[in-house]
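Here is a short briefing for you to read alongside the model. Please keep the 3D view open as you go.

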Amino acid sequence: MSEQVAKHGKSLIQNSKRNRQLSEEENWLVHEQVCYALLDTGDIDEAKEIVEKLSLRFPKSLRVFLLQGALCECCEDYGKAQEVYERILQENEAHQGAMKRQCCVAKAQGDTEKAIGMLKKYLDVFMTDVEAWEELASLYLSMQMTKQAAFCYEEAILIQPQNPTNHLKYADLLYVLSNASTLHLLHQAIGYYSVVLDLTNGTSVHAKYGVLSCCDAIKSQGRGASAKLTEDEEKLLSKVSRELTTSYEERSPQLAVHLKATGITTTT
Amino acid sequence: MAYGVNAQAVGKVVLHGAKYGAGEVCGALLGRWDGAEDGPVLVEDAVPFFHKCENKYSPLMEVALAQAESYASTVGLKVVGFYQANERNDDGSLHASTKRIGDAVRDKSGFPKACLLLLNNEGFTSFLSGEAADSLPFTLYVKRGAGSSWEASRRESLKCLGGLSIKVIREIVMDKVAQGKQKDLYDFSEHICDLSKDWRNVNLIV
């Protein structure tokens, strides 16, 4: 994505005939977006040129300072980046961008614990920032702290209940956290995968695999009554199994045999 | 213990790393072993799995391993290991999650010679640029016994197959990178989003 923004954005900025068709505000917005894309693709020299242009035009802008900090991060000059962000926070102690970029610096330096600490402090104030909850979950997962990651997904779901992504990640974690003595987590996961199927009009392949895996785990890890699915779960299992098998046969028949080999589908 | 890799396996791992340079990537290694105690493990193919760390903590990991194993058997191979490239450039450590998957490959599929290949990120950049054209950008990890830990092997333990030198393998792989072939390499994550994307990546390298 960043590569395309960088490529097409650059040609838009450099082509004076095209960029004259943009209003001044739009023009500078495009400069900012293209700059971030160039930092993503590692085109430091070109990003530097844009930062200089923006700094000339907006010499006191905190938004431009943020970009300068990101440029320092890209050059691995983390000390300088930290100085820039602290300067921004001195002017505006609630500057979300600067607070988040400080977490990025800690993460880039490999200090995951520090990054987690800073992100938690940020979320104490800005608790409705879903992306921050997702990033915190990701940081927890990198430290194998799966229960804490699950808590983050719960918060994200509360903030954006209509977004299937967090339900999906939460369900995945419930599956991973479950074992023979906590099969109820698998039943919960099936519930969340069902919500994802509902929100995606039944198209999420990931959720279908999730349902099949959970049902298979319940049947193989459970003993006696606990190895049984409810009637609704049985119906969901056959429906999902049938749909996924059909999807493979229609879109990827050469791979259908490998789906069958997983042993989690019920269709013969 | 000796391990060999061919151009196809190296190519797919490098292309996967090149496609998702800013994140972490992982996947299965497919190969063969003649069963002799001192016999080498020949890694002949790779199946790219994921480029987001969350997918490692999901049922998709087991699904991907099962499907890779199924595919391997259709081409006379088996899952012999797992490859991982860490997100940060200076992170050369074998994470607990990677070891866990290595244990699953070793114990669940009953292959005691299962190996882990950690992509050496800085070596990867030198390999692509040609500075280090005579060494493969991997660190090989093996486990000597069930109760032991994953240990890094000496560089000489990883050899090239097919009578090719590292330089020649590098040329083959760089040719594909130059052609932008990484956009045609599909991993299991991409397959989940679009079933028509084939994670077997047949005929991509050779």
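The notes below look at a pocket and then at a helix.

This is a predicted model, in which local features need pLDDT of at least 70 and side-chain atom pairs count only at pLDDT 80 or more, while totals for chains, interfaces and linings use all residues. Residues are numbered from 1 along each chain as its sequence is written, chains are lettered from A in the order in which they are written, and side-chain values use heavy atoms, with hydrogens and water left out.

**The second largest pocket**
- The second largest pocket holds about 740 Å³ of space, a volume being the space filled by probe spheres set on the grid points.
- A pocket here is an open set of points on a 1 Å grid where a 1.4 Å probe fits, with protein on both sides within 12 Å along at least five of seven lines; lining residues have an atom within 4 Å of a point.
- Its lining has 27 residues, and B:Met61, B:Glu62, B:Val63, B:Leu65 and B:Lys108 are the closest to the centre.
- Two or more lining residues come from each of α11 (164-177) and α13 (205-221) of chain A, and α2 (59-74) and α3 (96-108) of chain B.
- With 6 residues, α2(B) gives the most to this lining.

**Helix α10 of chain A**
- Helix α10 (residues 146-159) of chain A has 14 residues and reaches 20 Å from its first C-alpha to its last.
- Buried residues (under 20% relative accessible area, 1.4 Å probe, protein chains only) of α10(A) are A:Thr146, A:Ala149, A:Ala150, A:Cys152, A:Tyr153, A:Ala156 and A:Ile157.
- The buried residues of α10(A) pack against α9 (130-142), α11 and α12 (184-199) of chain A, with contact meaning heavy atoms within 4.5 Å.

Technical notes:
Helices (H or I, at least four residues) and strands (E, at least two) are DSSP runs, numbered from the N terminus. The expected span of a helix is 1.5 Å times one less than its number of residues. Buried means under 20% relative accessible area, exposed over 50%, partly exposed in between (1.4 Å probe, protein chains only).
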